[in-house]
Amino acid sequence: APPCNKYDFSFLSLCPIGGLIVHGTSDSITPVNALKDLVAKSLKQKKYNIQVKYVQNADHFFRSKEKDLSSIIYNYIKTTLQENNNSNVTTQNILV
């Protein structure tokens, strides 16, 4: 998760596309409420979809939860490609 309680992430409101944020529920560096505030501010300023996924009991670095993290990222990319019907990139090209 982005350390949004320590740095300014207002630049995200300028991004022309949506995205994915993955956060560990045991993250001691970025509190869940700080992340929720960041997402709420970003959503107010743009109409793009920001997905937030949580990994249960994961710390800020996802120690011992790497498979959960990679599964979330893989599924996000796969779904995004299917939604965009992008014929140049397939999920077979994604290394996990």
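In which strand is V55 found? V55 belongs to strand β2, residues 50–55. The model is predicted: local features need pLDDT of at least 70 and side-chain atom pairs count only at pLDDT 80 or more, while totals for chains, interfaces and linings use all residues. Residues are numbered from 1 along each chain as its sequence is written, and side-chain values use heavy atoms, with hydrogens and water left out.

**View 1. Elements of the chain.** From the N terminus on, the order is β-α-β-α, with 2 helices and 2 strands (DSSP runs: helices H or I of at least four residues, strands E of at least two, numbered from the N terminus).

**View 2. Surroundings of I21.** Leaving out residues up to four places away in sequence, I21 has contacts (heavy atoms within 4.5 Å) with P2, L35, V39, I50, Q51, V52 and K53.

**View 3. Surroundings of V55.** V55 counts as buried because its relative accessibility is 2%. The C-alpha atoms of V55 and H23 are 6.2 Å apart, although the two residues are 32 apart in sequence. Not counting residues up to four places away in sequence, V55 touches V22, H23, G24, T25, F62, K65, D68 and I72.

How values were computed
Buried means under 20% relative accessible area, exposed over 50%, partly exposed in between (1.4 Å probe, protein chains only).
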